[in-house]
Amino acid sequence: MNKEDYKSKFDEDEAVGWLSIDKLTDKWYPNQEPKHYGPTLKYILGGEEPLDGVSIYKSKNQQEHFHFISYGMSNLYYDLENCDADFSGWGFEFTFRLAPFAEDNNEPTWVISLMQNLAKYVFNSKKWFEEYHFIPANGPIRLDTETAITAIAFIEDPEMGKINTPNGELQFLQMVGITTEEFEQLKLNPATTETKKLLDKLKKENSLLITDLKRK
């Protein structure tokens, strides 16, 4: 979109990118008000948390699970100078699907901290994630928990996919919990083809790649 069209279509106080995400979540979760968590002080104003927020939806697709969607890796707001960019911000937002875990008491807010930590890594290192990348969590992904899930692989969210926003293309990059054993195998051959093979194998019984902390 050229600058003249952008100026004529949007107001300067309009959250152009944010609204593009909301349009997609409204499609998947009509009439559902998510639980939304945002930092007290936004990152652009000096806060320490790069994500402006994370929304949690309750999904019944495949099985009941929580679906987390981040706001802040992409360009969320009116930005005339970058309206013709190929990608919005870093070009992705995080998503995560979690099977209910009893100890969370239906409040799995630890995932938000996990997303914020990954966002900090990207903002500080200037190294972004792409589909079939993987990274260790340096312990259980849920702290102080007996779980074999100690690493994360990334894949395009099977429902959210990619969208074109007025600020550029945006991919929803799903975080998938993998076991220590799976991570060690990927380390032996870190080619993206091997990560794809692993995730394709998991998809056979878990098409939405919902993370279950009880999985061995």
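How many residues does helix α3 have, and how far does α3 reach from its first C-alpha to its last? I looked this up before anything else. Helix α3 (residues 110-125) has 16 residues and reaches 23 Å, close to the 22 Å expected at 1.5 Å a residue. The expected span is 1.5 Å times one less than the number of residues.

**Ground rules.** I'm working with a predicted model, where local features need pLDDT of at least 70, side-chain atom pairs count only at pLDDT 80 or more, and totals for chains, interfaces and linings use all residues. Residues are numbered from 1 along each chain as its sequence is written, and side-chain values use heavy atoms, with hydrogens and water left out.

**Whole chain.** I found 5 helices and 8 strands in the protein chain. These are DSSP runs numbered from the N terminus (helices are H or I, at least four residues; strands are E, at least two). From the N terminus on, I read the order as α-α-β-β-β-β-α-β-β-β-β-α-α.

I checked the radius of gyration next (taken over C-alpha atoms; the globule rule is 2.2 Å times the number of residues to the power 0.38). A compact globule of 216 residues would come out near 17 Å, and the protein chain has 17 Å, so the two agree. The C-alpha atoms fill a box of roughly 55 × 35 × 35 Å along the principal axes.

Buried residues make up 50% of the 216. Here buried means under 20% relative accessible area, exposed over 50%, and partly exposed in between (1.4 Å probe, protein chains only). I also looked at contacts (heavy atoms within 4.5 Å). Among those between residues at least 6 apart in sequence, 64% join residues at least 24 apart.

**Back to α3.** Its buried residues include Trp-110, Leu-114, Leu-118 and Phe-123.

**Helix α5.** Which residues of α5 are buried? I got Thr-195, Leu-198, Leu-199 and Leu-202. They cover an arc of only 90° around the axis, so they sit on the same side of α5. The arc is that of the directions from the helix axis to the C-beta atoms.

I then asked what covers the buried residues, and the list includes β5 (134-136), β6 (149-156), β8 (168-179) and α4 (180-188). As for length, the 12 residues of α5 (residues 192-203) should span 16 Å, and the end C-alpha atoms are 16 Å apart, which agrees.

**Thr-147.** I found Thr-147 in the loop between β5 and β6. Is Thr-147 buried or exposed? Its relative accessibility is 12%, so Thr-147 counts as buried. Its side chain reaches the backbone oxygen of Leu-213 at 2.7 Å. Not counting residues up to four places away in sequence, Thr-147 touches Pro-140 and Leu-213.

Glu-33 lies in the loop between α2 and β1, and Pro-34 is found in the loop between α2 (16-28) and β1 (35-37). Glu-33 counts as exposed at 73% relative accessibility, whereas Pro-34 is buried at 18%. Leaving out residues up to four places away in sequence, Pro-34 touches Ser-55, Ile-56 and Tyr-57. The C-alpha atoms of Pro-34 and Leu-198, 164 residues apart along the chain, are separated by 31 Å.

Notes. Polar contact = N/O pair within 3.5 Å; in protein donor to acceptor, adjacent residues only side chain to side chain.
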